[in-house]
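Visitor: I'd like to learn how to read a two-chain model, one feature at a time. Could you walk me through this one?

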Amino acid sequence: MSNHPLVDVRHLKQYFTVKSDMLTKLQLKAVDDVSFTINQGETLGLVGESGCGKTTVGRTLLRLYKPTAGEVYFDGNLITDDNINHYRKDMQIVFQDPYSSLNPRMTMADIVGEPLDIHGLYKTKAERRDKIAELVQLVGLNSDHMRRYAHEFSGGQRQRIGIARALAVNPRFIVCDEPVSALDVSIQAQIINTFEELQAKLGIAYLFIAHDLLVVQHMSQRIAVMYLGKIVEIGPADEIIEHPVHPYTQSLISAIPLPDPNAARKRHRIILQGDVPSPLHMPEGCPFRSRCRYATEECAKVCPTLEEVSSGHQVACYHPQG
Amino acid sequence: MSNYSADMIPKKRLLSLQLDAAKFERASDAEKEQHDVMRESTTFFKDGMRKLFKNPLAVISLVVLLLIIVTIVIAPMIVPYKYSEMITINGKRDRSAKNLPPFTYSQMELKAIEEGQEIFPHIFGTDELSRDYFIRVVYGARVSLSVGFFASLIVLIIGLLFGSIAGYAGGKVDLVLMRIVDVIYSLPDTLMVILLSVVLDQVLGQSLQGTVLASLGTNMISLFVVFGLLYWVGMARLVRGQILSIKTNEYVLAARAMGAKSGRIIRKHILPNCMSVIIISTALQIPSAIFTESFLSFIGLGVQAPMPSLGSLANASRQALQAYPYKLVFPALGICLIVLSFNLLGDGLRDAFDPKLRR
């Protein structure tokens, strides 16, 4: 076993050019200098509010978008435009919307079989059929329904088809881009259990993107919190949830609904003032300072970098709390 | 709650969201079984066809079109006259057979019948040059339909290629290609059609001589070229718009994440999803091409005499309209039937296949 992590993301940046009017072009810093690592068979949860760049991190990592800057290493090898097709077999993605992520003109067998076709992973038709049936059963679908079209399945079943498609090439790493947020709660639990079973069985590493903190805590060994394109806090899952240090993480955690109404009433809710600044006009220094009650002049000058507060727990803040 | 019944539940208040339990009853075993029966798997195409055949107007127009096509294919084999042939009896030209009304014979023909000859009836009568009018209308419909069909095919091919390149490439390529489309779109098309068919007629006339295409006649070829040059822009815009919207679907991204190449993505994911819109608009393009052809023939710019077209037949009948009104009725009826059927069929196709109008 080598000692380098499976996925190593270093200083990943993804800027989009946006035209504000006819002449001026602005840069939207969707992902701004993000670094993290994921080990073999590990799950890293990635949380943050809508529009903070979670999805872009996942897609840029897989080179679905060309990164503005930064490197991604897979199994110690730098991924470039030239060798990405080789690594497509090792890195896969499951999408958020089970409705738009399946082609309505293809049967389940063709959707799940497409990666096999692209990479030529079978020799005979019978082998292809057997492989597809195996994958379909692996994710808990009925292999009698192979000839059905995507619209004939429910949301949860469609998401399972998406998972089976990602698994077809035997990946070692899957980006799960909010795979459960479009599903209702009981189906969410089933899909999460499927993900966990697959990890236990096949040893796949996940980058699990979500905005439901409890789901992420349940799934992940480590959690990274993003705000406006930057990782503000990263550390072991339980530590992030129980002892958050960054003011933004603290407010996120305090927003988790508690099942016990008495406990919920006693709890101190941190309600953030103001709105998220537009990513087109990012504040100087720390991006969170406009909404942070601990902000000082220091925060306005230079953006804080991730500093270790305890073992494996890093935070980007000049005034770490707790 | 041993003796529980629905009556014990308090009555539902008017604005309450609580369900009224009294309105429910237990499902019988037969009903439960019904839920287990799985619906038969259908494809998008089968589903659309099923809907199309439920639409009576579309079915009628399909039948009418099939009848017309069968007629124009079979009629020239059965009717012993040719569209350019003047009626002759025993090798002698029958001058009395001018402008006959439908189902009548000329004096010479009556004499020949008395002598025991079989003479095929003139179903639509004859024209002023004693040619059988029925076969001329049939050939006219042939010309009109083939112009409509091939013009739409040319429009489809150019529009599909142009539109998919612009839509898939995007960015600057899209910008340049679409400005070209805008320029062509802004030209007054009737004027352009007239100018082009006059010019092309002379230019093509010389270069076509001695080739296979010459047998079609330069006017016919120039008609195709005119349609090809002018009417593809609408199709190109349509295809580009479709591709732009389909391109953003996550299944295209998923295919890229699997490592699919652009060709495969276009072939397997993008084109099948915009095919229905393209088929519908092609079906609606055919009547518009037929109409334009008829109009051009009517003003004398269409196919060359003696080759008839429905438009030129209508124009020829204009001169003796009061004496022989049926000569206008037949070609006009032909144009109406063909154009109306294609329009209704196109509408039916759109209703059956357009995902936005479903259910």
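Guide: Chain B exposes about 20,400 Å², and carbon and sulfur atoms supply 65% of that. For chain A, the accessible surface comes to about 14,900 Å², with 50% belonging to carbon and sulfur atoms. Such areas come from the Shrake-Rupley method with a 1.4 Å probe, and for residues only the protein chains shown count as cover. A word on ground rules: this is a predicted model, where local features need pLDDT of at least 70 and side-chain atom pairs count only at pLDDT 80 or more, while totals for chains, interfaces and linings use all residues. Residues are numbered from 1 along each chain as its sequence is written, chains are lettered from A and ligands numbered from 1 in the order in which they are written, and side-chain values use heavy atoms, with hydrogens and water left out.

Visitor: What share of the residues of each chain counts as buried?

Guide: Buried means under 20% relative accessible area, exposed means over 50%, and partly exposed is in between (1.4 Å probe, protein chains only). By that cut-off, 42% of the 359 residues of chain B are buried. In chain A, 51% of the 322 residues are.

Visitor: Next, sheets. What is the strand order in the open sheet of four strands?

Guide: Two strands pair if DSSP finds at least two bridges between them. Reading across that sheet in chain A gives 2-1-4-5, with antiparallel pairing. Strand 2 (25–38) and strand 5 (77–78) of chain A are the edges, each with a single partner strand, so one side of each has no neighbour in the sheet. Strand 4 (residues 69–74) and strand 5 of chain A pair in the antiparallel sense over two bridges, and A:Tyr73 stands opposite A:Leu78 in strand 5. Helix 1 (residues 54–61) of chain A packs on this sheet, touching strand 1 (7–19), strand 2 and strand 4, at about 115 degrees to the direction of strand 1. Contact means heavy atoms within 4.5 Å. For such angles, axes are lines fitted to C-alpha atoms, for helices over the stretch in contact, and values run from 0 to 180 degrees between N-to-C directions.

Visitor: Which strands stand at the edges of the sheet of eight strands?

Guide: That open sheet of chain A runs 6-7-8-3-9-10-12-11, with mixed pairing. Strand 6 and strand 11 (307–310) of chain A are its edges, each with a single partner strand, so one side of each is left without a neighbour in the sheet. On average, neighbouring strands are turned by 20 degrees against each other, direction ignored. For a parallel pair, take strand 3 (residues 43–47) and strand 8 (residues 205–209) of chain A, joined over four bridges; A:Leu44 stands opposite A:Leu207 in strand 8. Strand 11 and strand 12 of chain A form a hairpin with two residues between them, and A:Gly312 in the turn has a positive phi of about 75 degrees.

Visitor: How much area do chain B and chain A bury between them?

Guide: Buried area is the accessible area (1.4 Å probe) that two parts lose on being put together, summed over both. Here the two chains bury about 2,300 Å², 50% of it on carbon and sulfur atoms. B:Glu250, B:Ala257 and B:Met258 supply 29% of the area that chain B buries against chain A, more than any other three residues. The contact takes 29 residues from chain A and 22 residues from chain B.

Visitor: Is helix 10 of chain B mostly enclosed or open, and what covers its buried residues?

Guide: Eight of the nine residues of helix 10 (residues 250–258) of chain B are buried, so this helix is largely enclosed by the rest of the structure. The cover includes helix 1, strand 6 (91–94), helix 3 (108–119) and helix 5 (155–167) of chain A, together with helix 9 (232–247) and helix 11 (262–298) of chain B. Just after helix 10, B:Gly259 takes a positive phi of about 100 degrees.
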